Amino acid sequence: MLTTLNEILGKAKREGYGVAAPDAYSSSSVMACFKAAENLKAPLIVSCLGTTNMEETGENVKFYARKYPDAVVTLHLDHGSSFEEIMRALRSGYTSVMIDRSKLPFEENVREVREVVRIAHAMGVSVEAELGHVGTGTEYDKTRDSGLTHKEEARRFVEETGVDALAVAVGTSHGVYKGTPKLEFELLKEIASLVTVPLVLHGGSGTGDENLKKCIACGIQKINLFTDMANPAGEAMALYMRGESSEEPDISAALEMFSGKKKNYYVAPMVGAEVYQRKLEHYIKLFGSAGKA
Ligand SMILES: [Zn+2]
């Protein structure tokens with residue numbers, strides 16, 4: 001069943017757990033998401049960037065939603081950029097969209113987000129926006145401090161825009177971190193006490209299991225993940241095609257599973273999907289959302 005972000009995160013906030021939001025860009029990665037959701041009876045937010053097969057991924061998600069009717073999944077646009085891109089997502093049947101205007105000054109951010117909220121809500125679609133700015137891991141040392149969310153602005157932003165979920169910058173970063181992630185748990189707790197809507201953490205990959213658990217305890221409900229599934233999945237595909245093994249348990253188990261299969265263009269993505277699913281299941285269990293669908 002496809003549902004809204006509101007539905008999934010509202011329950012998560014009431015019951016105090018986190019929901020994984022994996023980025024998926026291909027049929028095999030969407031399949032991996034649904035198999036993980038089905039296997040663990042967990043709600044899931046399948047996310048896609050507008051620049052990477054948005055319509056195709058949307059159709060894949062709708063296909064697997066019919067194949068796994070018990071899965072509770074949101075089809076979410078990640079980092080919606082132009083107004084046109086967000087409208088395309090709405091037309092493609094996305095049940096949730098993020099509008100990312102986090103690089104704009106506060107008032108402009110509010111104005112553009114409010115416009116999208118009005119349209120999306122009229123169509124029964126949830127909206128996530130970002131305040132403060134979560135940067136890129138390779139520039140972590142330069143961008144971490146300047147991007148942190150201001151707590152009082154967060155309260156105003158939610159009230160003035162009517163967003164359903166707020167992405168905050170509390171020390172995480174996208175992709176692979178340069179250096180060690182340092183999180184602002186006190187700031188997160190303060191924002192959570194001032195803001196009524198569910199909170200979102202971007203840059204979950206590489207942040208560390210203990211840090212992520214603590215973020216959920218401090219008020220995060222949605223955790224975005226990509227690198228921690230995509231990189232090991234890609235590595236597994238390469239090892240499989242070269243006929244090599246891996247020390248890493250999730251990867252070696254996937255290689256073992258496909259060991260008798262002829263190495264070809266079809267099988268390699270299945271190896272990747274197997275690893276993607278295992279990595280995602282690790283996070284679903286860590287976040288406490290297994291059995292919550
Ligand atoms: Zn992000």
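**Exercise 1.** Leaving aside its neighbours within four places in sequence, which residues is Thr227 in contact with?

*Before you start.* This is a predicted model, in which local features need pLDDT of at least 70, side-chain atom pairs count only at pLDDT 80 or more, and totals for chains, interfaces and linings use all residues. Residues are numbered from 1 along each chain as its sequence is written, and side-chain values use heavy atoms, with hydrogens and water left out.

*Solution.* Begin with helix α10, residues 227–242, where Thr227 has its place. Helices are DSSP runs of H or I with at least four residues, strands are runs of E with at least two, and both are numbered from the N terminus. Next, look for contacts, meaning heavy atoms within 4.5 Å: Thr227 touches Gly175, Val176, Ser205 and Pro232.

**Exercise 2.** Is Thr227 buried or exposed?

*Solution.* Buried means under 20% relative accessible area, exposed over 50%, and partly exposed in between (1.4 Å probe, protein chains only). Thr227 has a relative accessible area of 15%, so Thr227 is buried.

**Exercise 3.** Find the protein donors of the zinc ion.

*Solution.* Donors are N, O and S atoms within 2.8 Å of the metal (3.2 Å for Na, K and Ca); water is not among the atoms, so sites may look incomplete. Searching around the zinc ion gives His79 (NE2), His174 (NE2) and His202 (ND1), at 2.0 to 2.1 Å. Of these, His79 sits in strand β3 (residues 73–80) and His202 in the loop between β7 (199–201) and α9 (209–217), 123 residues apart. Both His79 and His202 are buried. Along the chain, the donor spacing reads H-x94-H-x27-H.
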